[in-house]
Amino acid sequence: MTSAQTSPHSFPAPLGFLKGHGTENDFVIVPDADNDVDLPPALVARLCDRRAGIGGDGVLHVVRSAAHPDARHLADEAEWFMDYRNADGSVAEMCGNGVRVFARYLEHAGHVTAGEVAVATRGGVKRVHLDKDGSVTVRMGRAVLPEDGVTVTVDGRSWPARNVNMGNPHAVAFVEDLAHAGTLYDEPPYEPAAVYPDGVNIEFVADRGPRHVAMRVHERGAAETRSCGTGACAVAVATARRDGADPAVSGVPVTYTVDVLGGTLVITEHPDGEIEMTGPAVIVGEGTVDPSWLTDHA
């Protein structure tokens, strides 16, 4: 908060924002290097409202790591922190598409140039490569595969779902037809619920060809989205294990093409467990939010 702000929800000037997307997983970007802007859940939800606000699957709050209490311990590794919020205002550990768009914004704003960029997240520091051809590759870290899974049910059909953690939790279910996932307006029920005490992202996956799958996803806090980067990574790992492929055992990287509603992502798992995700990231435009709108909806 700056001294000019008279209350946690008052804004002395228009709030600057940008809009960006990665395979149509779209975000409101709020540049705030010194962490001066208060973003309570209700305001985040209003910004992400597709009819009454700007519209987005989440908010990318751009803060210097040293200025944010959740990231100060990472400041020596990464100058910039992605303070990510889901569309309902809740805080999330990571967002794979969001990291790509975040890095694209840093390039757009002149904070970095093409090449390697480190981005701090609540899921750790992510290494990003901004390619000159416009694609962005993120080193997403290693997947954790807990033994306890769940059963997901939609419209009377049930499937076992593989538990995969990519810094945030995922349940991956293989289906014959993606239409079997239903509308995905609401979170599909799963049992036992205790496996995911803080909720879960649920992916439904159908085969498209050799090492090629398609997915739909219900993202925790955002309903169905056009894409989910961590979800695509979880899907690639779960599919590889289903297919009997494990780079840690074979010593050979494995790559899957994952079609999402908004495009295509390419996921590679290396023998050391590191997962790389490559896909597009686009800045659509920028503007300001009127202070009276912010005050009216505080």
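Colleague: Quick one about Arg139: buried, exposed or partly exposed?
Modeller: Arg139 counts as partly exposed, because its relative accessibility is 36%. The cut-offs are under 20% relative accessible area for buried and over 50% for exposed, with partly exposed in between (1.4 Å probe, protein chains only). Keep in mind that this is a predicted model, where local features need pLDDT of at least 70 and side-chain atom pairs count only at 80 or more, while totals for chains, interfaces and linings use all residues. Residues are numbered from 1 along each chain as its sequence is written, and side-chain values use heavy atoms, leaving out hydrogens and water.

Colleague: Which residue does Arg139 form a salt bridge with?
Modeller: Glu116, with the closest N and O atoms 3.1 Å apart. A salt bridge here is a side-chain nitrogen of Lys or Arg within 4 Å of a carboxyl oxygen of Asp or Glu. This pair links distant parts of the chain, since Arg139 sits in strand E7 (residues 135–142) and Glu116 in strand E5 (residues 115–121), 23 residues apart. Strands (E, at least two residues) and helices (H or I, at least four) are DSSP runs numbered from the N terminus.

Colleague: And what about Glu274?
Modeller: Glu274 has a salt bridge with Arg142, where the closest N and O atoms are 3.9 Å apart. That pair also links distant parts: Glu274 is in strand E17 (residues 274–280) and Arg142 in strand E7, 132 residues apart. Glu274 counts as buried at 15% relative accessibility, whereas Arg142 is partly exposed at 48%.

Colleague: Which residues do salt bridges with shared partners join into one network?
Modeller: Lys19, Asp26, Arg50 and Asp57. Over the whole structure, a search finds 19 salt bridges.

Colleague: Where is Asp26 found?
Modeller: In strand E2. Asp26 is buried, with a relative accessible area of 10%. Its side chain makes a polar contact of 2.7 Å with that of Arg50. That term means N or O atoms within 3.5 Å, one able to donate a hydrogen and the other to accept it within protein; residues adjacent in sequence count only if both atoms are side-chain atoms.

Colleague: What else is Asp26 in contact with?
Modeller: Leaving aside neighbours within four places in sequence, its contacts include Lys19, His21, Gly56 and Asp57. Contact means heavy atoms within 4.5 Å. Gly56 lies in the loop between H1 and E3, and is buried with a relative accessible area of 4%.

Colleague: New topic. Which residues of helix H1 are buried?
Modeller: In H1 (residues 41–48), they are Leu43, Val44, Leu47 and Cys48. They cover an arc of only 135° around the axis, so they are on the same side of H1. That arc is taken from the directions from the helix axis to the C-beta atoms. They pack against several elements, among them strand E3 (58–64) and helix H5 (291–296).

Colleague: Which members of the largest nonpolar core touch the most others?
Modeller: Met82, Met215 and Ile267, out of 52 residues. Helix H3 (residues 229–242) gives the most to this core, with eight residues. A nonpolar core is a set of buried Ala, Val, Leu, Ile, Met, Phe, Trp, Tyr and Cys residues joined through side-chain atoms within 4.5 Å.

Colleague: What is the mean pLDDT of the chain?
Modeller: 93, with 95% of residues at 70 or more. pLDDT is the predictor's confidence in each residue, from 0 to 100. Over residues 1–10 pLDDT stays under 50. Where pLDDT is low, the predicted coordinates should not be read in detail.
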